[in-house]
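Welcome! Take a moment to look over the sequence and the 3D structure below, and then we can walk through a few features together.

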Amino acid sequence: MQAKEDVVEAMKEVLASELNVDQEKVTVDARFKEDLDADSLELVEVVMALEEKFGIEIQDDEVAGLKTVGEAVDLVLAKQAAG
Amino acid sequence: MRRVVVTGLGAVTPVGIGVKSYWDAIIDGRSGVGPLTIVDSEGLSSKVAGECNDFDAAAMLGAKVAKRLDRSVQMGLVAAHEAWGDSGIEGTTDRDMTGVVFATGVGGIGSLLAGEKTRLEKGPGRVSPFTVPMLMVNATAGHVAMTYGLRGPNFCTATACAASNHAFGLAFQMIRSGEADAMVAGGTEGALTPVSIAAFSTMMALSTKYNDRPEQASRPWDTGRDGFVIGEGAGAMILEEREAALRRGARIYGELAGFGQSADAFHITLPAEDGGGAALAMNRAMKSAGVQPEDVGYINAHGTSTPQGDIFETRAIRKAFGGHADRLAVSSTKSMIGHLVGAAGAVEGIATVLAVREGILPPTINLHDQDPECDLDFIPNVARKADVEVALSNGFGFGGHNAAVAFRKHHED
């Protein structure tokens with residue numbers, strides 16, 4: 001189990017490489033669609049990278065509900081806690 | 001009858017990115033064929049290719065856009081962007097009456113193979129959700145329409161090495177018939193993968209004798225030819241209804257005056273020995289343009305540098321042109337850039353329309369010992385000044401597809 005700050009840092013790396021966005025734009029409040037210009041397919045790709053990085057599994061219906069980076073961080077932490 | 005003119009050009013080729021560097025190189029007789037580097041050539045019998053090594057997709061399209069596109073789509077988009085900008089059509093055309101026909105031989109097979117590699121190594125759940133939009137053959141046509149908001153006809157031709165000529169032909173027919181007022185037409189190919197090169201090799205289609213002298217490997221009509229050199233790249237044209245182009249004061253490169261197509265109905269990969277199908281396509285292109293064989297001064301041949309194909313095309317030209325064949329100038333720009341497969345006709349059409357406009361015919365390089373069975377004037381090694389009124393560009397594809405496009409010099413009156 002990692003601290004929230006570690007997950008946020010790891011998220012910044014994943015998002016910067018998957019979405020080609022500046023790391024500074026990746027904040028917990030940043031919205032995938034509006035702020036990071038990620039469409040639904042790109043979000044799927046981000047989730048795949050998160051699954052790989054954190055060794056977790058995220059279901060399709062859970063992906064559909066993700067709106068912000070903070071929500072994704074919480075989801076990763078919850079998955080790790082459950083695992 | 002509505003007439004169709006060429007008002008914009010774009011090219012990504014092994015001799016240069018952009019129409020100017022492409023044209024300068026081919027009238028200078030420079031080869032863009034080099035050692036095969038884009039994939040590991042270990043074990044492959046053909047180690048030469050026409051690669052677009054100066055192509056930088058991230059710099060030209062932006063990293064975020066480029067990452068989601070197959071290499072073939074990246075090159076097609078760059079060519080289309082150049083042509084669109086070159087034409088000055090932006091803001092002057094009804095977007096509902098402006099469309100796209102973009103060709104490719106095999107589309108994004110590199111992306112398909114990358115997806116399969118991921119599936120095998122990491123499992124089906126890790127296959128990128130972008131695999132389908134990257135591999136599909138119609139991706140370039142879709143992206144061009146999205147970029148410029150073009151809601152007119154939108155189509156992809158995939159008739160192997162004839163595909164780009166079919167794209168020009170279909171776009172020409174759409175404008176002539178009134179279905180569209182303007183079209184982005186062209187083709188792209190970015191399929192230099194180990195398996196495609198291995199597959200062309202085992203069918204003995206590729207050159208294998210010149211691995212140590214790549215620039216000499218593509219040598220149409222020369223007795224030393226031993227197969228084609230595979231290449232990659234893209235070409236695009238903006239085609240417009242002539243009156244509309246004149247009204248907006250467009251710079252007109254030439255007229256796309258006619259199109260002819262046929263099938264050999266003979267063999268799935270070998271061309272017909274008598275050239276009959278190819279001759280039909282050339283005859284139909286001339287009829288469609290309303291010209292006689294005597295009006296034609298230049299042919300940009302299919303001329304792939306295969307032992308048989310070059311002979312059969314010579315026969316086809318003799319069949320279509322009769323006695324005038326001896327007064328025609330014919331060249332193969334594939335001698336300099338290799339065979340761009342589904343994009344071949346696109347970049348060769350650009351060479352053809354520029355040859356007519358500039359009065360300079362690009363040469364066939366590496367032609368030092370002409371095959372006696374290929375007995376036409378092939379403009380050996382050095383470009384030639386010539387005033388040409390009408391020129392044809394030939395494209396023949398596996399499957400027996402033949403497609404010829406006729407370009408005519410544009411006169412204002």
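The buried residues of helix 2 of chain A pack against helix 1 (4-19), helix 3 (60-64) and helix 4 (69-82) of chain A. Helices here are DSSP runs of H or I with at least four residues, strands are E runs of at least two, and both are numbered from the N terminus. A residue is buried if 20 or more other C-beta atoms lie within 10 Å of its own, exposed if 12 or fewer, and partly exposed in between, with C-beta atoms placed from the backbone. In helix 2 of chain A, the buried residues are A:Glu42, A:Leu43, A:Val46, A:Val47, A:Met48 and A:Leu50.

Just after this helix, A:Gly55 takes a positive phi of about 65°.

## About the model

This is a predicted model, in which local features need pLDDT of at least 70, side-chain atom pairs count only at pLDDT 80 or more, and totals for chains, interfaces and linings use all residues. Residues are numbered from 1 along each chain as its sequence is written, while chains are lettered from A and ligands numbered from 1 in the order in which they are written.

The model scores ipTM 0.77 and pTM 0.94. Chain B has a mean pLDDT (the predictor's confidence in each residue, from 0 to 100) of 97.

## Two asparagines to find

A:Asn20 sits in the loop between helix 1 and helix 2 of chain A. Although A:Asn20 is not a glycine, its phi is positive, about 55°. A:Asn20 is partly exposed, because 18 other C-beta atoms lie within 10 Å.

B:Asn381 is in the loop between strand 12 (360-361) and strand 13 (384-385) of chain B.

Methods:
Two residues are in contact if their C-beta atoms, placed from the backbone, lie within 7 Å.
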